[in-house]
Amino acid sequence: MKKLLLASTALVMSAGVAAAEVALSGSAQMGIVYDSSATDELSFNTEMGVTFTMSGETDGGLAFGAKFGAKDAVDADSGEAGTVFISGEFGKLSMGDVDSAADAIVGQIDGVGLTGLEDLNEIEYIGIGTAPGALYEYSIDGFSIAAGIGQIDESDRVISIAAGYSFEGFTVGLGYEDEDGGPDQVSISAAYSMDMLTVKAIYADHSTDGDSYGLSVSGSFDATTVTAFASRDTDEDTNFGVGAAYDLGGGAELVGGIARDGTADATLADFGLSFKF
Amino acid sequence: MKKLLLASTALVMSAGVAAAEVALSGSAQMGIVYDSSATDELSFNTEMGVTFTMSGETDGGLAFGAKFGAKDAVDADSGEAGTVFISGEFGKLSMGDVDSAADAIVGQIDGVGLTGLEDLNEIEYIGIGTAPGALYEYSIDGFSIAAGIGQIDESDRVISIAAGYSFEGFTVGLGYEDEDGGPDQVSISAAYSMDMLTVKAIYADHSTDGDSYGLSVSGSFDATTVTAFASRDTDEDTNFGVGAAYDLGGGAELVGGIARDGTADATLADFGLSFKF
Amino acid sequence: MKKLLLASTALVMSAGVAAAEVALSGSAQMGIVYDSSATDELSFNTEMGVTFTMSGETDGGLAFGAKFGAKDAVDADSGEAGTVFISGEFGKLSMGDVDSAADAIVGQIDGVGLTGLEDLNEIEYIGIGTAPGALYEYSIDGFSIAAGIGQIDESDRVISIAAGYSFEGFTVGLGYEDEDGGPDQVSISAAYSMDMLTVKAIYADHSTDGDSYGLSVSGSFDATTVTAFASRDTDEDTNFGVGAAYDLGGGAELVGGIARDGTADATLADFGLSFKF
């Protein structure tokens, strides 16, 4: 088998490449997962994937592009996965399987572990509903605004708006999502980063399911990053976790985490290697 | 995420690359579609995809290659999608999900719109039947001939033959398709291109469904291309459409179209951005 | 469509590329298959695929990587296809859809034909069971050892161990696989290569299904490689085959084979072109 390697950005740019290009990037992980609630508590975890990132620029200086994972190639063909964007001084307009405006600006607190350990750190956004949707983002002088809408011919169409502000390491975000004939949710987050330490808090109030909130702290010391979080979901279950990542260089990390899943009344843990290509 | 960009053809060639290579290209579009017959007339349209194009050359100077879309990777493994070819002085032999000879030479009149608007401009070919099939093409001095056959162990096997001729901007094509124990179809097209104007007419006579025909006119003025077509399908429904594309440079186009769908008694329209990478 | 070609290894290396990269390689084949037991004995065969090969190196000099086919992108995301590895002086640890240790070291005798002709040359390994599994391999001074295990939370978990030794063209391998609550199998192979001739014999004893064995001989003369095999499966059916491949250069081969399928009481044959990109 003949292998053809891809050239680096620097090499390509200096050779004066055409504006439009398709880039390949990849990720993989190998490790072990513990779940106290499973019949067999330990299991292997392996994941790998490749992402296509397309980019170009119009003669007038607008940037455009598209991005999707190889595993989502079928759904990307119908805009149910992946995103397409165009951006310029007017901001950035994305379409496809976009985040809601709230998700894009309010975000999530940090999670732990090789596998994300059921993503217990994350609050649940209403999201964009049926894809393809559209997301508009604009940033200036530390201010960010965003507006999103799901597929417009759907009866459960979702709209979302959000705004954020960053100054001297401090970032705040406020978002609102509303589903036609369905629930709405207000979400807010505040984060502070100084040197290698980041603290982030989040709160969301869902009109039907109630509120959820969380706090995470991440600190980096040389090659090691340690993260801890505590969260409460809409079922009033409390989750918490702590994890660490050690940078081996070249795109490799040794990653592990342990978390308490309040809903499943289970302890989860994982450990392994994470690779970026 | 580490992104690896791909080098341009010029760069690779000057560096003396091995004959066999895999190239990546992509396309994406984002826009809005109108359909007067839908409950909710407007909807978002987003599509994106990546194509693998493989090429090589034998020591004896024969070119060979293969091509399929990332979304068709599973079907390409069994030859139900994608095509493989070898070509030389003897012509070009392709196998896989090939066009019928008639489709390859007689072709289609031009269509309009970002999404193709239901491809109302297109006549329906019998096609190659079950894939993998085979298509042989040979061209010399403006003459082209082609012969195709579907999977040979199928009871509904399709054979097709076609011939074309191009001279001084004028192109004519004639094709014939025949399904074992099924219908046959004769198709013919004539096109004329002068400067930036192209006119194309097509006619097909299906042994069971009756005849279909159409006419398209395309003109390019600076960065703008305007296209109009009228067609009549085998149900004797009349379709027509008009559209325009404005080249933004760098692989981006602003594209829109409007069409009358005679079968659905509907008006269709779309507008948006189309990108090539 | 803009095509972006990939740079060669030599070019990339001399330009000092980053450690982590994603490479693309491809394969395709086009030909015809004969099966005496089919209603229609002849059929077209077309196959094509692309493989993503990711590789990197940690600051401490450990190599890591991952590999999967585009058609397996969905399963690779859950480790049910593809493999991820890390290797160094300690050996190589792979996870995902790995071979059993026996399969990795004892291997298979050579097969024939463009399509493999039902892989009648191959003995059946118990394999790794449910993926993702893990495979550890270590080699030193001609000695190789391997140990494998399937997904550890499965009731039918499989373990395997194997060892091999190579000296002066002679290679021997011995493997053992055992399924929890299921069968086990011992397998052994011996091969001898001198100049362009390779002879390989294999034997396996399955605790439930009985034994299977085979012998293959391959010889290369200039651009031509001729292969013959005979095998007996666990149903005591005898299979044999003979085939040839002619190297056209540039990654292309003309390949054909004929085989006797003892189980199906059928004669199989194929002929066509095989391409590597």
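**Figure 1. Asp119(C) in a loop of chain C of the predicted model.** Asp119(C) is partly exposed, because 14 other C-beta atoms lie within 10 Å (a residue is buried if 20 or more other C-beta atoms lie within 10 Å of its own, exposed if 12 or fewer, and partly exposed in between, with C-beta atoms placed from the backbone). The residue is found in the loop between helix H3 (101–106) and strand E6 (133–140) of chain C, where helices (H or I, at least four residues) and strands (E, at least two) are DSSP runs numbered from the N terminus. Although it is not a glycine, Asp119(C) has a positive phi of about 50°. Most residues other than glycine have a negative phi, and most peptide bonds are trans. This is a predicted model, in which local features need pLDDT of at least 70 and side-chain atom pairs count only at pLDDT 80 or more, whereas totals for chains, interfaces and linings use all residues. Residues are numbered from 1 along each chain as its sequence is written, and chains are lettered from A and ligands numbered from 1 in the order in which they are written.

**Figure 2. Asp222(C) and the loop that holds it.** Asp222(C), found in the loop between strand E12 (210–221) and strand E13 (224–232) of chain C, has a positive phi of about 55° although it is not a glycine. With 8 other C-beta atoms within 10 Å, Asp222(C) is exposed.

Figure 3. Strand E7 (residues 143–149) and strand E8 (residues 158–167) of chain C pair in the antiparallel sense over seven bridges, pairing being assigned if DSSP finds at least two bridges between two strands. Ile145(C) has Ala163(C) in E8(C) as its bridge partner. E8(C) is also joined by 10 bridges to strand E9 (residues 170–179) of chain C, and these two run antiparallel, with Glu177(C) in E9(C) as the bridge partner of Ser160(C). E8(C) and E9(C) form a hairpin with two residues between them, and Glu168(C) in the turn has a positive phi of about 45°.

**Figure 4. Strand E1 of chain A and the strands that pair with it.** Of the 15 residues of E1(A), 13 are buried, so the strand is largely enclosed by the rest of the structure. E1(A) pairs in the antiparallel sense with strand E2 (residues 42–57) of chain A over 14 bridges, and the two form a hairpin with six residues between them; Leu42(A) in E2(A) is the bridge partner of Tyr34(A). E1(A) also pairs in the antiparallel sense with strand E16 (residues 266–276) of chain A, over nine bridges, and Met30(A) stands opposite Leu273(A) in E16(A).

**Figure 5. The surroundings of Gly31(A).** Gly31(A) lies in strand E1 (residues 21–35) of chain A and is buried, with 22 other C-beta atoms within 10 Å. Leaving aside residues up to four places away in sequence, Gly31(A) touches Asn45(A), Leu114(A), Asp270(A), Phe271(A), Gly272(A) and Leu273(A), a contact being a pair of residues whose C-beta atoms, placed from the backbone, lie within 7 Å.

**Figure 6. Cis peptide bonds in chains A and B.** The peptide bond from Ala131(A) to Pro132(A) is cis, with omega near 0°, and Pro132(A) lies in the loop between helix H3 (101–106) and strand E6 (133–140) of chain A. In chain B, a cis peptide bond joins Ala131(B) and Pro132(B), with omega about 0°.

Terms used: Contact = placed C-beta atoms within 7 Å.
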